[in-house]
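Let's take a walk through this protein together. Have the sequence and the 3D view at hand as you read.

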Amino acid sequence: MTSVPMPIPSRTQYVLEEIKRRILTGRLIPGQALVETELAAQFGVSKTPVREALKTLAGTGLVVMSQYKGVTVRMVDADMAREVYDVRLLLEPEALRRAVRRGASLDAARDALTRADKATDTAERSLANREFHRALYLPCGNPLLSRMLDEVRDQAALVSAVAWAADPSWQREASEHREILRLALDGDAGGAARALHAHIASFVRRAFPGAELGVEEGLGLRGAQDILETTDNPEVTAAPAAQKEDGQA
């Protein structure tokens with residue numbers, strides 16, 4: 001039993017991060033029961049920080065609380081993957097397009113890609129992969145957009161963990177990451193966004209063939225652009241098609 005002599009808030013954060021890490025690296029699998037007393041004993045804390053941590057994880061969608069089954073790691077299926085990846089497809093490529101257009105630094109993305117290439121285990125590689133994607137959308141210039149993507153980040157990582165456990169595809173995805181970053185560093189906002197869209201869509205379709213994504217390539221990217229441009233500046237009306245980014249109708 002590990003002793004963690006920290007104040008209660010810090011203990012809760014410690015338990016939260018440790019449970020999340022175990023879920024996202026496959027040590028705790030979908031459907032597995034999370035028993036407060038057992039977790040408290042493992043972490044050397046009382047049940048209170050464990051209970052608070054589980055409530056937070058339920059809020060992020062990583063665990064499910066049931067009156068009859070207790071707390072379990074969220075199950076991953078085609079419907080869950082579709083829900084999460086539809087959001088990513090709608091918002092993430094547009095966030096990257098904006099980041100590139102505003103000339104934001106992508107050094108953090110380059111560093112994360114290097115860490116992923118040098119990773120020696122699944123946990124380290126998974127973390128670097130998550131940081132790579134976040135580093136692409138974080139400098140988009142719209143904090144609300146970044147927060148929306150942050151909200152589905154853990155659920156997307158859970159989908160990835162399940163998919164990688166069944167069929168590791170690190171090399172293919174690493175190659176796609178390098179191409180996305182190359183286009184972004186070259187200043188090709190539209191090309192980088194399209195490459196990111198294709199990368200996200202192809203992954204979930206390979207891993208969950210039954211996940212019929214509602215956002216098709218091009219349509220989702222354009223729709224997100226129109227919505228977010230209006231949100232950024234409510235006084236701006238829809239621009240004529242001929243004047244849109246990259247000359248696309």
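Predicted model: local features only at pLDDT ≥ 70, side-chain atom pairs only at ≥ 80, totals over all residues.

Residues are numbered from 1 along each chain as its sequence is written, and side-chain values use heavy atoms, with hydrogens and water left out.

The protein has eleven helices and two strands (DSSP runs numbered from the N terminus: H or I of at least four residues for helices, E of at least two for strands). Starting at the N terminus, the order is α-α-α-β-β-α-α-α-α-α-α-α-α. Of the 249 residues, 46% are buried, meaning under 20% relative accessible area, where over 50% is exposed and anything in between is partly exposed (1.4 Å probe, protein chains only).

Now for the inside. A nonpolar core here is a set of buried Ala, Val, Leu, Ile, Met, Phe, Trp, Tyr and Cys residues joined through side-chain atoms within 4.5 Å. The largest one has 55 residues, and Ile-19, Ile-23, Leu-34, Leu-54, Tyr-85, Leu-96 and Leu-136 have the most contacts inside it. Helix H10 (residues 189-207) supplies its largest share, eight residues. There's also a second, separate core of six residues, including Leu-91, Ala-95, Tyr-137 and Leu-145.

Zoom in on Leu-34. Setting aside neighbours within four places in sequence, Leu-34 is in contact (heavy atoms within 4.5 Å) with Leu-28, Leu-39, Leu-54, Val-63, Val-71, Thr-72 and Val-73.

Gln-32 sits in the loop between H1 and helix H2 (36-43). Its relative accessible area is 29%, so Gln-32 counts as partly exposed. Apart from residues up to four places away in sequence, Gln-32 touches Arg-27, Val-71, Thr-72 and Val-73. The C-alpha atoms of Gln-32 and Val-73 are 5.4 Å apart, though 41 residues separate the two along the chain.

Last, what lines the second largest pocket? Look for Glu-17, Lys-20, Arg-21, Leu-24, Thr-25, Ala-123, Ser-126, Leu-127, Arg-130, Glu-131 and Arg-153. By class, that makes three nonpolar, two polar and six charged residues. Helix H1 (8-24) and helix H6 (122-137) are the elements that each give two or more residues to this lining, and H6 gives the most, with five.

Note on methods. 1 Å grid on protein atoms, 1.4 Å probe; cavity = no way out; pocket = protein on both sides within 12 Å on 5 of 7 lines; lining within 4 Å. Nonpolar A, V, L, I, M, F, W, Y, C, P; charged D, E, K, R; others polar.
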